[in-house]
Amino acid sequence: MKVAVVTFPGSNCDYDLYKAAQQVGADVDFVWHRERGLDEYDAVLLPGGFSYGDYLRAGAIARMSPVMEDVVTFAGRGGPVLGICNGFQILCEAGLLPGALIRNAGLSFESKDVLLRVEQPDTQFTSEYAEGQLLRVPIAHGEGNYEADAETLERVEAEGRVVFRYVDASGEVTAAANPNGSRNSIAGITNESGNVLGMMPHPERAMEAVLGSTDGIGVFTSLAASLSAVAS
Amino acid sequence: MSTVESTATEVQVTPRRGDPEITPELVDDHGLSESEYELILRIMGRTPTFTELGVFSAMWSEHCGYKNSKRLLSLLPTEAPWVIQGPGENAGVIDVGDGYALAFKIESHNHPSAVEPYQGAATGVGGILRDIFTMGARPVAILDSLRFGDLDTGRVRYLFSGVVSGVGDYGNCVGIPNIGGEVAFDRGYEGNPIVNAMCLGLMKREELITASASGVGNSLMTVGARTGRDGIHGATFASEELSEDSDESSRPRVQVGDPFTEKLLLEASLELIASGAITGIQDMGAAGITSSAAEMAGRAGNGVEIDMSRVPVREPDMTPYEILLSESQERMLVVAEKGREQDVRTILEKWELEAVEIGEVTDDGCFRILEAEVVVANIPALPLTDGCPTYEREGIEAEEVTALRDMDLSEHLIPTGDLSKTFLLLLGSPNVASKRWIYHQYDTTVRTATAVRPGGDAGVIRIRGTSRAIAATTDCNGRLVYLEPRTGAMIAVAEAARNLVCVGALPTAITNNLNFGNPLKPHIYYEFREAVLGMRDACTAFETPVTGGNVSFYNETDGRAIYPTPVIGMVGVIEDVERITPQSFQKQGDQVILLGENTDEIGGSEYLYATAKVVAGAPPQVDLEAERQLQQAVLTMIREGHVVSAHDCSEGGLACALAECALGDGESPFGVEVTLDDPLPAVSALFAESQGRIVISCRPDKGQDILAIAEDHGVPAQVIGSVTGPGDPFRMRVANGSVESDLADMAEAYFESISRIMNAPASSGV
């Protein structure tokens, strides 16, 4: 499995994502935002951080980077693309995912562990999880409040494209368990064909017991499993 | 020096048209005394130009020249076999094993934060990050040590929330986890918040690089952001007292931070160092190009020649004086190997940054500044960097402090009401309460190395690819230092060490940030001297040498100084990440053991402040040998696998320490049932802040082993109770009273207190 971690000026979770992919056996390259060509890769990962300092609007400048044309092409061909945190924001800005991520409802940066409920195990990124499984994963963002118009929301819900939702310890959607005010407590969604996933929480930070949680591993083992299935 | 002096006089130096005439008033405005100016005349052999005067003013400011602190600081222990780099460089460096070295340092940004809290704090973080990556180390963790007035005025809340956002936004954007620190609130800091930021960086031992301008003929290049008019004379500003009108008039002296550029600069700098194209690199921090160039020349024993007209600027018509003294952020000075300037430019271009040659290293020992062809300053470099006069001042304790220390506190030992209510009041006091409101605004998990996040005794980051981890903490209780500086400083070091051993780390070295008032006042100098001596004694006893730090004087508003606050940033090494010990109880039925002795020392306690707003009495006494034995005993217990949790006792006393063990992070609290027989007044047994105490929990079958290890080390130890279930209450019985509380009430007081205060309307102020 050959994986590209695309880095922009200001990406800061690039190394974490690199290590996470490596942990599940991937052969990983960093691809600088000015480089072109993603044909040799089986999956493309967009890390978190503050690309271009989040100036103008999170992800708004990064999506104009040369490599993004290739990411769009790669996704269009059905290649798996995962954007985490700032990567999710860039995917929305690039139009690969619907909706937008606006300032947290509480107006401040939120950094803590949250609980996610797996809503959709039938994706390349979640097949190793069970539906309804609860995951403990860190968040760290100031603009993670998922917003979309009513029609879009209805469609992504109806099509089962909401992959993760913020919930409380009993697995219930509550206002208190929603860290940023996201519509329908949405923490992660896919595109129509399901090969592009954007999520605000950081599964790559929940890969080792010594760091507090191993619940994020499933995202990467799922991806590895789906790619080896394709290869064989 | 005579040859250097003659060189300085041979070069023709031309005053610039429009430069003001050098008058006694102008000299005074530059913060230089008459005798200092006379020394400058002797060094120069002539009247300095306006530009030269500005350079001396910055380099001989308290901030850069350490003129009132250097002599005392030389008393501190600085050496140990594991110290690779002691004081004098951008940061200290120690060997942490397995081929890794740790660079670490703490620095203050008090004055700018008092005037513009967000930018003041943000640029404080920016500066300390640069001090670390200019050593060749990748920054891996930030800690922040903050002090504010009481949270009941709008002004203090504005400063508090601005500083927290500034620290958070900068570190979050660069992507360095915040792993801890401390914050205290007391009216003693009302006009002068304290903002100290500490950074840790890791590198392989061989990656270490220093800031020295070696190799005559090598190029000096400025890299990173352009130079603007911001922060001119920031170093001199930091060496003055604030007054009521400092607010508006001083704002232009505060710099503005750009963490995005910093992130690029960080990556570019580490790439530059790895490329071998440069021989030295230094942040342009306080006093900008002036200090970075002069210090690099001074360290190498060389000279530098820099052309101001080649420095990339943000605004037109900047004078050499302004360019030299600008403190625009995110800039570095590098010394490139002759012929490799293009390699430097190529690396910087990749990161979308500028690198421009502005001068070269010379062999004549002079700090020479050109404006195109014209020499506008020519100063011998060594006297500029090392010749700043140093002073030992008169130090006498303030009578007011003596009186406070001798105050009779017996009336406060009589409980004023229900002890359980007092207990909840203390848990909710912002000094004791959870600092979650703060650290939830800080990214604590980026870089996937944070093994212990903020909220515990110390933060811990593991070293990937090894079984090791680094623990770090910052500590100082300013009230105790105020009441008795020598004891207070020892307590700061002892508490830092206890915090580290509680997570399982061996205390290894410290960096310090000495925040004080105006050292020209005898009672302030007394505090400073005594605190340095206390630190010396404690650091010597614990074998934790000082590898660097920062002095911040003149923390005064309208003549009133802050509590003397020598913040200790201590680092320690954990050899096995599997032995990292949590602070909170983990299992029902575990035994609770108290190490150390309870006393009735309530002087300087949070109990007195929270219940009566009193800061008085003698601070608890500290026995350094007993502290050392305690540290070693706890480390042995942890290493042998006997300890389930360990927590230091500090603000709020044993009752609050036990409450923190019981509450944990709030997700899986436990009840606890504890009985103490010590014949003490109930207030003391519950809330006194006696030193040298650690609460541990263990499986019931390990209790005997723990008591035996304690005995081997001569550490008093007693089983005081056991951990009960999540639905059980917190119950603590002492000889003359008791406390009982539901965990839910405690959690409400402890976790929600600060956010409730920050969301409530202020009672006064703007």
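Colleague: Leaving aside its neighbours within four places in sequence, with which residues is Cys656(B) in contact?

Modeller: This is a predicted model, and the contacts are to be read as such. Apart from residues within four places of it in sequence, Cys656(B) is in contact with Leu426(B), Leu427(B), Val432(B) and Glu651(B). Cys656(B) itself is found in helix 25 of chain B.

Colleague: How far apart are Cys656(B) and Asp712(B), in sequence and in space?

Modeller: The two residues are separated by 56 residues in sequence, and their C-alpha atoms lie 28 Å apart.

Colleague: At what angle do helix 25 and helix 28 of chain B pack?

Modeller: Helix 25 (residues 653-663) of chain B and helix 28 (residues 743-759) of chain B pack at about 105°, and their axes are 11 Å apart. An angle from 65 to 115 degrees counts as roughly perpendicular. The two helices of chain B, helix 25 and helix 28, are therefore roughly perpendicular to each other. From helix 25 of chain B, Ala659(B), Ala662(B) and Leu663(B) meet Leu743(B), Met746(B), Ala747(B) and Tyr750(B) of helix 28 of chain B. By class, the residues of this contact are 7 nonpolar, with no polar and no charged.

Colleague: How are helix 8 and helix 12 of chain B oriented to each other?

Modeller: Helix 8 (residues 117-133) of chain B packs with helix 12 (residues 259-275) of chain B at an angle of about 5°, and 10 Å separates the axes. Helix 8 of chain B and helix 12 of chain B are therefore roughly parallel. Helix 8 of chain B contributes Gly126(B), Leu129(B) and Phe133(B), and helix 12 of chain B contributes Pro259(B), Glu262(B), Leu266(B), Ser269(B) and Leu270(B). The residues of this contact divide into 5 nonpolar, 2 polar and 1 charged.

Colleague: In what order do the 6 strands of the open sheet in chain B stand?

Modeller: The order in chain B is 14-15-16-21-17-18, and the pairing is mixed. Strand 14 (450-452) and strand 18 (546-552) of chain B stand at the edges with a single partner strand each, so one side of each has no neighbour in the sheet. From one strand to the next, the twist averages 25°.

Colleague: In which sense do strand 17 and strand 21 of chain B pair?

Modeller: Strand 17 (residues 506-515) of chain B and strand 21 (residues 565-574) of chain B are paired in the antiparallel sense, over 9 bridges. Within this pairing, Asn512(B) has Ile568(B) in strand 21 of chain B as its bridge partner. Helix 22 (residues 522-542) of chain B packs on the sheet and touches strand 17, strand 18 and strand 21 of chain B. The direction of helix 22 of chain B makes about 170° with that of strand 17 of chain B.

Colleague: How many residues of chain A are in contact with chain B?

Modeller: An interface is read from both sides: 22 residues of chain A are in contact with 24 residues of chain B. On the chain A side, helix 1 (14-23), strand 6 (110-118) and strand 7 (134-141) of chain A each give two or more residues. Strand 6 of chain A supplies the largest share, 3 residues. The side of chain A that touches chain B divides into 10 nonpolar, 6 polar and 6 charged residues.

Colleague: How many residues of helix 1 of chain A are buried?

Modeller: Helix 1 of chain A is mostly covered, with 7 of its 10 residues buried. Among them are Tyr15(A), Leu17(A) and Tyr18(A). After helix 1 of chain A comes Gly25(A), with a positive phi near 95°.

Colleague: What covers the buried residues of helix 3 of chain A?

Modeller: The cover includes strand 3 (43-46), strand 4 (81-84), strand 5 (100-102) and strand 11 (196-199) of chain A. In helix 3 (residues 86-93) of chain A, 8 of 8 residues are buried.

Colleague: What confidence does the predictor give?

Modeller: The complex receives an ipTM of 0.96 and a pTM of 0.95. Chain B has a mean pLDDT of 93, and 95% of its residues reach 70 or more. Over residues 1-8 of chain B, however, the pLDDT is below 50.

Notes:
Residues are numbered from 1 along each chain as its sequence is written. Chains are lettered from A and ligands numbered from 1 in the order in which they are written. This is a predicted model: local features need pLDDT of at least 70, side-chain atom pairs count only at pLDDT 80 or more; totals for chains, interfaces and linings use all residues. Axes are lines fitted to C-alpha atoms, for helices over the stretch in contact, and angles run from 0 to 180 degrees between N-to-C directions. Helices (H or I, at least four residues) and strands (E, at least two) are DSSP runs, numbered from the N terminus. Angles under 35 degrees count as roughly parallel, over 145 as roughly antiparallel, 65 to 115 as roughly perpendicular and the rest as oblique. Two residues are in contact if their C-beta atoms, placed from the backbone, lie within 7 Å. Ala, Val, Leu, Ile, Met, Phe, Trp, Tyr, Cys and Pro count as nonpolar, Asp, Glu, Lys and Arg as charged, and the others, Gly among them, as polar. Two strands pair if DSSP finds at least two bridges between them. pLDDT is the predictor's confidence in each residue, from 0 to 100. A residue is buried if 20 or more other C-beta atoms lie within 10 Å of its own, exposed if 12 or fewer, and partly exposed in between; C-beta atoms are placed from the backbone.
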